[in-house]
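Let's take a walk through this one together, stopping at a few spots worth a look. Have your viewer open and follow along.

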Amino acid sequence: MTVIPAVLPPVPRQKVWSRNLPASAAFRWLAGGWRDLATQPGPSLFYGLLVFVVSAAIVTGLFAFGLDYILFPAFAGFMVVGPLLAIGLYEKSRRLAAGEPVSLARMIFVKPASNGQVLFTGVLLCLLMLQWMRAAVIIYALFFGLRPFPGLDHIAPMLFTTSLGWAMLVVGSVVGALFAGFSFAISAVSIPMLLNERVDALTAMGSSVAYVWNNLPAMLTWGIIVLALFLLSLATGLVGLIVAFPVLGHGTWHAYRAIRPSPEERS
């Protein structure tokens, strides 16, 4: 009888997720994003202009078709798909770091290293955005029933002068924070990773969650910066997106390069 020796299962390599980054690292990423914008600014600003035009057209369409009740969820959903829309800005930052030529055409017609995995990730992010918007509508219906949306002119008094409105704000904020935290965790690093590396979408999103969790001070600070600049853009009637979106897109690339170990460290 042949004796088969016992074989221990292979021990998985330990991933080095933590980069020991301080919270101040987020400001270095922001400064790096500004430098990339200032280097050949034309393509980046035009990219930001395209994002502004599309966003303004969507907002105008919501009002035109009487769908203003999903305006705020739509703004929140923009934060979900924003990392995907910025893939051309990541490409410019990658090319600048590699000393390759930069042009608007190369930023728009990007060829990711992971090919169709970026599209698959985009579909997942869009589905998450739709779920977020649907959750917002359901929360409104749970508190106010089938009452028609009163319009933007009357929504603030209804929310801030009634106990029911305050309750909805609390519940909506908690649910929104859960959606925001999850979407930020899966997309903070995954899209630049899919652009730069041959990796599948689920691995990229899982790695993104691990990097965010293990580098929480820097990533939370970066998330606050992203939110602050987005709110500032809203205060300017979305015009601020022309500059803020490229800065954040380029900054996200620098965050990825700072937080993602080199191939030697991962081997």
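**Starting from the core**

Phenylalanine 245 touches Tyr47, Val51, Phe78, Gly82, Leu85, Ala86, Leu89 and Gly240, leaving out residues up to four places away in sequence. Keep in mind as you look around that this is a predicted model. Phe245 is also one of the residues with the most contacts inside the largest nonpolar core, alongside Trp29 and Ile87. That core has 58 residues. Apart from it there's another core, this one of seven residues, including Ile139, Tyr140, Phe144 and Met168. As a bit of background, nonpolar side chains in soluble globular proteins tend to be buried together.

Now for how some of the helices pack. Two packed helices are described by the angle between their axes and the distance between the axes. Take helix α1 (residues 25-38) and helix α11 (residues 216-235): they pack at an angle of about 45 degrees, and their axes are 8 Å apart. Roughly perpendicular starts at 65 degrees and roughly parallel needs an angle under 35, so α1 and α11 come out as oblique to each other. On the α1 side, the contact is made by Ala25, Ala26, Phe27, Trp29 and Leu30. Helix α11 brings Ala218, Met219, Thr221, Trp222, Ile225 and Leu229. Sort the residues of this contact by type and you get 10 nonpolar, one polar and no charged.

Who does the touching here? From α8 it's Phe184, Ala185, Ile186 and Ser187, and from α10 it's Met205, Ser208, Val209 and Val212.

Let's move on to some single residues. Arginine 260 sits in the loop between α12 (241-259) and α13 (263-266). Is this arginine 260 buried or exposed? Its relative accessible area is 10%, and the cut-off for buried is under 20%, so arginine 260 counts as buried. The side chain of arginine 260 has a polar contact with the side chain of tyrosine 211, at 2.9 Å.

Leucine 104 belongs to helix α5 (residues 104-108). With 24% relative accessibility, leucine 104 is partly exposed. Setting aside its neighbours within four places in sequence, leucine 104 is in contact with Pro43 and Phe46. Check serine 44 too: it is 60 residues from leucine 104 along the chain, yet the C-alpha atoms of the two are separated by 7.7 Å.

Finally, have a look at a couple of backbone angles. Asparagine 20, in the segment before α1, has a positive phi of about 55 degrees although it isn't a glycine. Asparagine 20 is exposed, with a relative accessible area of 69%. Glutamine 40 lies in the loop between α1 and α2 (41-64). Its phi is positive as well, near 50 degrees, and again the residue is not glycine. Glutamine 40 has a relative accessible area of 40%, so it counts as partly exposed.

Notes
Residues numbered from 1 in each chain as written. Predicted model: local features only at pLDDT ≥ 70, side-chain atom pairs only at ≥ 80, totals over all residues. Heavy atoms only, no water. Helix = DSSP H or I, 4+ residues; strand = E, 2+ residues; numbered from the N terminus. Buried < 20%, exposed > 50% of the residue type's maximum accessible area, 1.4 Å probe, protein only. Polar contact = N/O pair within 3.5 Å; in protein donor to acceptor, adjacent residues only side chain to side chain. Axes fitted to C-alpha atoms, helices over the stretch in contact; angles between N-to-C directions. Parallel < 35°, antiparallel > 145°, perpendicular 65-115°, else oblique. Contact = heavy atoms within 4.5 Å. Nonpolar A, V, L, I, M, F, W, Y, C, P; charged D, E, K, R; others polar. Core = buried A, V, L, I, M, F, W, Y, C linked by side-chain atoms within 4.5 Å.
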